[in-house]
Amino acid sequence: MSAPTTSPASVPAAEDMSHRQILEALSGLLLVLFVALLSSTVVSTALPKIIGALEGSQTQYTWVVTATLLSATATTPVWGKLADLFSKKLLVQIAIVVFVLGSVIAGFSQTAGQLIAARAFQGIGVGGLQALVQVVIAAMIPPRERGRYNGYLGGVMALATVGGPLLGGLIVDTSWLGWRWCFFVGVPFAVVALILLQLTLHVHTERRSNVKIDYLGAGLIAAGVSILLIWVSFVDGTFAWLSWQTYTMVGGAVILLVLAVFVEKRATEPVVPLEIVRERTTALSIVASLAVGMAMFGGAVFLGQYFQIGRGYSPTEAGLLTIPLMAGVLLSSIIVGRIITRTGQIKPYIIAGLVVLSAGFALLGTIDHETSLVFVGFGMLLVGLGVGASMQNLVLAVQNTVPLRNIGAASSTVAFFRSMGGAIGVSVLGAVLARRVTDQITHDLAAAGVPASGDGGGSLNVAALPEAVQHIVRAAYGDATGHIFLISAAIAVVGLVAAIFLPRTSLRTSLDLPSRDKEPVES
């Protein structure tokens, strides 16, 4: 793979692209990003039926989700670095092809094991698309102008987050479709995006000679992160926090990642350039993104469970009840993005977003199984407003400080830590939730004179339980969820502290740093 050598005169400079040309190029990028994000959310409400049809176990149930998250997170920095070395357009197209193949294989899976393997392969494409879309946008649009387009990114993310569960529930409840279409549904859209990108995307790549790929560093990072995420997925469920399995897996992950640091220091083309990570803006943005990822993914993922189990709503109704979250993300992304473009300032809006995010989670931390839906909706709206104002703009803050030749590595590094924070948040907060629910159900059943089962009411099929037990289980889930949101609020405050120490700089109006003067070529 090598960068093409088309003359730079054959396409207009990125700074000279009109708003219409940028929107045309963005159409394919946003469509494929939507499909990639949808692939993760569409199975959330359909998964019980999918695993039931394939006769899978509870462990396999978890791994259908974890496999995609694991491979996507582990490969994100690799995709980002490749984008600094090779054709960004070609890499996006390769990621689409990988995603489509993984989706088709997943749809035709005959066993749960085959589905997990297909989802892991699909995750490689998802990781590429999540990283490369922002990298390509950064290569087309200067940071000062990029704020106005971040609203479109936020809207796509919000629509996929809320629309996915609704679509998944509709598909599995439609007899002539069936659960396999949860995986097939994104394929035609991905193919359309592939064609759109071929026709409309003209992004520039620097001519590089003697390109060397850091395979050893990439392998060590992927292996270390994979082991860490596997540990997070199983800890407190399959084995205890303090156990020989924990010591082995965490110790092995730390050793691999330490070795990766030594390799990256000496590599000619490191996957994660350490000089970028050490830079103040990048380091603080990584901390803030890690906190936002843990708070947002780790907290918001339990909203659906709160509405379905804690309040007794159907999957479709639960999806509709999360609309305030989507509306907050959409409004905040668009409005804040335009303000940032007009003022050239970004730090005040990141701080404001994290303040609102913390406040939203703090409000949700007070809910129980009888809280007014209006109050819950207002808390979700605040969380959405905070996410929209902070998440994408943390990436923009980093992109503003690095030269164009390192934009891929810098962008994907922030996305990598945000995804890893989300994975850790889901597992840790889920473990806390499960423990509190089990303790409360056991206590309330004993108080009511009802013998408790060995799992403390671990079954999620609440409708099959006696009415008296249903009330106890719903109350336990509804009350315990508030505690999860309080923890999320505390995590968001950590991100706020990191954002406060971000240097206050104006967004540049050029694609590259002024000191850079490279000859671009079309990819």
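**Burial, helices and a pocket in a predicted model**

Of the chain's 523 residues, 55% count as buried. The model discussed here is predicted.

Biologist: What is the secondary structure of the chain?

Modeller: The chain comes to 19 helices and 2 strands. Among its contacts with a separation of 6 or more, 85% are between residues 24 or more positions apart.

Biologist: Why is S358 called buried?

Modeller: S358 has a relative accessible area of 10%. Buried means under 20%, so S358 is classed as buried. S358 lies in helix α16, residues 347-364. Leaving aside neighbours within four places in sequence, S358 is in contact with A489, A492 and V493.

Biologist: What makes the span of α16 agree with that of a helix?

Modeller: At 1.5 Å a residue, the 18 residues of α16 should span 26 Å, and the end C-alpha atoms of α16 are 26 Å apart, so the two values agree. The buried residues of α16 are K347, I350, G353, L354, L357, S358, G360, F361 and L364.

Biologist: Why is T371 described as buried?

Modeller: The relative accessible area of T371 is 12%. The cut-off for buried is under 20%, so T371 counts as buried. T371 is found in the loop between α16 and α17 (373-399).

Biologist: Why does V65 count as partly exposed?

Modeller: V65 has 40% relative accessibility. Buried means under 20% and exposed over 50%, with partly exposed in between, so V65 is partly exposed. V65 is found in helix α3, residues 58-85. The C-alpha atoms of V65 and L47 are separated by 9.0 Å, and the two residues are 18 residues apart along the chain.

Biologist: What does the second largest pocket have as its volume, and which residues are the closest to its centre?

Modeller: The second largest pocket has a volume of about 340 Å³. Of the 15 residues that line this pocket, I221, L257, V261, F416 and F417 are the closest to its centre. The elements giving two or more residues to the lining are α9 (215-234), α10 (244-266), α11 (274-278) and α18 (407-447). The lining divides into 13 nonpolar, 1 polar and 1 charged residues.

Biologist: Why is L257 called partly exposed?

Modeller: L257 has 30% relative accessibility. That value falls between the 20% and 50% cut-offs, so L257 counts as partly exposed. The place of L257 is in helix α10.

Biologist: Which residues does L257 touch?

Modeller: Residues up to four places away in sequence not being counted, L257 touches L220, I221, G224 and V225. The C-alpha atoms of L257 and G224 are separated by 5.5 Å, with the two residues 33 residues apart along the chain.

Notes. Residues are numbered from 1 along each chain as its sequence is written. This is a predicted model: local features need pLDDT of at least 70, side-chain atom pairs count only at pLDDT 80 or more; totals for chains, interfaces and linings use all residues. Side-chain values use heavy atoms; hydrogens and water are left out. Helices (H or I, at least four residues) and strands (E, at least two) are DSSP runs, numbered from the N terminus. Buried means under 20% relative accessible area, exposed over 50%, partly exposed in between (1.4 Å probe, protein chains only). Contact means heavy atoms within 4.5 Å. On a 1 Å grid over the protein atoms alone, a cavity is a set of points where a 1.4 Å probe fits but cannot get out, and a pocket is an open set with protein on both sides within 12 Å along at least five of seven lines; lining residues have an atom within 4 Å of a point. Grid points are joined across faces, edges and corners, and a volume is the space filled by probe spheres set on the points. Ala, Val, Leu, Ile, Met, Phe, Trp, Tyr, Cys and Pro count as nonpolar, Asp, Glu, Lys and Arg as charged, and the others, Gly among them, as polar. The expected span of a helix is 1.5 Å times one less than its number of residues.
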